[in-house]
Amino acid sequence: MAAVHGDVHGHGHDDHHPTGIMRWVTTTNHKDIGTMYLWFSLTMFFTGGFLAMGIRAELFQPGIQILEPELFNSFTTLHGLIMVFGAIMPAFVGFANWQVPMMIGAPDMAFARMNNWSFWLLIPAALLLISSFFVPGGAAAGGWTFYPPLSTQGGLGVDMMLFAVHILGASSIMGSINIITTILNMRAPGMTLMKMPLFVWTWLITAYLLVLAMPVLAGVVTMLITDRHFDTSFFNAAGGGDPVLFQHIFWFFGHPEVYIMILPAFGIVSEIIPTFSRKPLFGYSSMVYATASIAILSCIVWAHHMFTAGMPTVGQLFFMYATMLIAVPTGVKVFNWTATMWRGAMSFETPMLFAIGFIFLFVIGGFSGVICAIVPIDIQVQDTYYVIAHFHYVLVSGALFALFGGAYYWLPKWTGHMYDETLGKLHFWLSMIFFNMAFFVQHFLGLAGMPRRIPDYALQFADFNMISSLGAFGFGLTQLLFVYIVIKCIRSKEPAPEKPWEGATTLEWTHLPTPAPYHSFETPPVVK
Amino acid sequence: MATENKVENNLTMMKKLLIFTVVMFVFGYAMVPFYEKFCEVAGINNLLQPDTLTQELETDTGRWVTIELDANIRGLPWDFKPLQRSVRIHPGEPVEVMYEIVNNSDREITGQAIPSYSPRFLDKHLRKFECFCFSRQVLKPKEVKQMPVQFVIEPTLPKEFHTITISYTFFELPVGTPAINEK
């Protein structure tokens with residue numbers, strides 16, 4: 001690392017780029033695009049969060065108070081779509097844009113212009129989704145999985161949603177082609193595949209999953225559109241189609257999609273844990289192989305979403321065992337993180353708190369996943385709040401907590417300023433408490449039989465629903481604190497230390513100044 | 001020179017990935033015939049073909065099974081009903097029931113009926129020889145049509161089922177669409 005400083009001073013020349021709005025519209029800089037992705041996903045996070053608040057407000061008490069059932073269904077549908085395609089996925093792409101080139105010693109992404117397109121495609125898609133609330137017939141209301149026959153029957157709102165999903169899919173495919181090419185072709189000399197930081201590895205595998213799954217989604221959305229407008233009968237029983245076929249194709253995309261949203265989170269956590277344990281990651285190569293195994297297994301388990309849709313027992317058994325098998329590589333990861341912390345010189349700054357919170361809560365979500373995989377239990381809990389609790393434990397306290405952790409971890413590198421540690425810790429603890437308050441009780445509601453996607457419920461569910469709603473309101477408000485912390489950090493006058501985390505070992509910390517210059521690694525570093 | 005190579009490598013990579021993307025898009029469509037073939041081989045969803053009896057069935061006179069008949073219309077100006085709400089039979093005994101459809105509109109309409117059973121594995125124990133659902137039904141304006149369904153419930157039906165339901169839903173077939181088993 002002695003060669004570090006010679007490289008740093010090579011970037012003294014000015015970072016000429018257009019100013020004002022045109023800087024952002026025309027930019028091909030991976031850092032600018034990463035920043036736009038992150039702000040976009042934060043905006044969509046609050047849009048989806050607003051819908052979640054509406055859902056929880058309606059469920060605060062039994063009866064219909066705020067949202068008519070049709071609008072309630074639109075809220076649950078759009079909450080899911082916006083959070084999955086608008087918040088979580090673009091946030092990870094934002095992280096990839098910022099971090100992948102810096103972590104492998106590349107000057108930028110492989111296809112900088114395409115990178116700009118993949119971001120700007122998101123805007124019309126988001127506008128289509130949001131404005132669909134205001135067209136006659138309202139937004140899509142058949143659930144985020146848009147199963148036919150509901151999705152072949154709805155009005156203009158459904159068409160807008162389907163078109164938005166198409167655009168988002170195209171953006172994801174372009175983004176992942178870019179990421180794969182960058183990682184495979186543009187690594188610095190000496191940066192062999194097995195020396196890459198784990199965040200880069202998880203994104204490489206995620207990007208492959210994206211080019212595998214997203215075109216299938218595009219196919220199924222196209223089939224729905226032709227069923228709706230061009231008299232085909234892929235899913236229309238009258239014309240010889242089969243609605244269950246939709247579920248198979250959708251979940252062939254949908255299950256890899258689940259791992260697309262969690263693998264980069266694994267990557268972020270695998271960067272944070274070693275840094276704050278001041279030890280190298282335990283079992284690096286087994287982490288890589290575990291990630292690859294999860295990705296491969298994720299392609300053969302889709303029908304566990306459809307156990308009650310009707311399938312031969314042999315099929316149910318296959319998908320049950322294949323699903324349970326995923327617990328093995330996932331367990332390898334959890335044990336590796338734990339072993340990394342074991343006897344490490346640990347400190348508990350905000351990123352580390354979020355990473356440990358991630359492990360703790362993600363494991364709960366993982367276990368409830370294994371429970372849902374068991375066919376006889378799944379037939380009981382299908383479409384109940386148990387499933388809601390399960391996937392919010394893996395997506396909120398999983399993907400989202402990792403995103404928060406990663407944001408705190410890299411904010412000093414991105415902005416050049418330190419975030420407010422006290423407020424960061426407060427954000428973590430409030431999130432932790434309110435998250436569990438909102439979602440833990442939903443396990444009980446689900447086991448007691450409360451169905452999802454219904455605006456009203458039987459009286460015996462009232463207490464737990466009120467607790468859950470209060471937790472959700474608290475969780476929502478807490479996230480405003482995050483925005484405050486980020487803005488305060490950006491506006492702070494005080495420069496961050498060159499290397500605020502002494503345990504960090506990846507290139508962006510060891511080979512680049514803080515904040516990272518607009519153009520980095522124009523001369524590739526040499527990795528020993 | 002080195003940068004040109006790099007750009008070329010990147011473009012080659014992009015081409016490969018784009019081809020892979022197209023292949024996966026086609027794969028999504030390929031799942032449609034694959035699914036149909038799979039269901040055919042596995043004997044699932046085979047509801048619209050006449051069955052034949054391979055051997056004489058013995059009538060299980062030891063028990064009665066009530067067959068409830070249900071009829072639904074989806075977006076058609078038709079009336080559709082069974083002439084009897086239910087029949088009581090012994091498993092193994094041949095049954096004939098009648099359904100009636102009426103076209104209330106002033107235009108000729110083609111419809112297709114899709115069956116649905118409860119319990120859902122009933123198709124394993126139901127042998128249907130004649131059904132209006134095997135072909136499309138064309139009704140002239142104001143036409144009334146009575147149509148039979150002939151079938152037998154095999155004695156293999158598990159003993160705990162005393163009541164089963166056979167349901168049909170009529171959908172409109174757009175002009176020019178072939179009926180399902182004419183494909």
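Predicted model: local features only at pLDDT ≥ 70, side-chain atom pairs only at ≥ 80, totals over all residues.
The confidence scores come before the geometry. The model scores ipTM 0.88 and pTM 0.88. For chain B, the average pLDDT is 85, and 90% of the residues score at least 70.

Where chains A and B touch, 28 residues of chain A and 29 residues of chain B take part. On the chain B side, three elements supply at least two residues each: helix H1 (2-42), strand S5 (109-118) and strand S9 (163-172). The largest share of that side comes from H1(B), with 18 residues. Sorted by class, the side of chain B that touches chain A has 18 nonpolar, 7 polar and 4 charged residues.

Chain B also holds an open sheet of 4 strands, in the order S2-S4-S8-S6, and the pairing is antiparallel. The edges of this sheet are strand S2 (78-82) and strand S6 (126-130) of chain B; each has a single partner strand, so one side of each is left without a neighbour in the sheet. On average, and with direction ignored, neighbouring strands of the sheet are turned by 25 degrees against each other.

One pairing in the sheet can be followed in detail. S2(B) pairs with strand S4 (residues 94-103) of chain B over 5 bridges, in the antiparallel sense. Opposite B:Asp79 stands B:Val102, a residue of S4(B).

In chain A, the pair to look at is helix H14 (residues 327-341) and helix H15 (residues 350-373). These helices of chain A pack with their axes 12 Å apart, at an angle of about 165 degrees. Angles over 145 degrees count as roughly antiparallel, and H14(A) and H15(A) are therefore roughly antiparallel to each other. Their crossing, H14(A) with H15(A), is left-handed.

Which residues of H14(A) and H15(A) meet? From H14(A) come A:Ala327, A:Thr330, A:Val334 and A:Trp337, and they meet A:Ile359, A:Val363, A:Gly366 and A:Val370 in H15(A). The contact of H14(A) with H15(A) has 6 nonpolar and 2 polar residues, and no charged ones.

Both contacts can be read by residue class. Charged residues number 4 on the side of chain B that touches chain A, whereas the contact of H14(A) with H15(A) has no charged residues.

Notes: Residues numbered from 1 in each chain as written. Chains lettered and ligands numbered in written order. Contact = placed C-beta atoms within 7 Å. Nonpolar A, V, L, I, M, F, W, Y, C, P; charged D, E, K, R; others polar. Pairing = 2+ DSSP bridges. Axes fitted to C-alpha atoms, helices over the stretch in contact; angles between N-to-C directions. pLDDT = per-residue confidence, 0-100. Parallel < 35°, antiparallel > 145°, perpendicular 65-115°, else oblique. Left-handed = near helix turned anticlockwise from the far one by under 90°.
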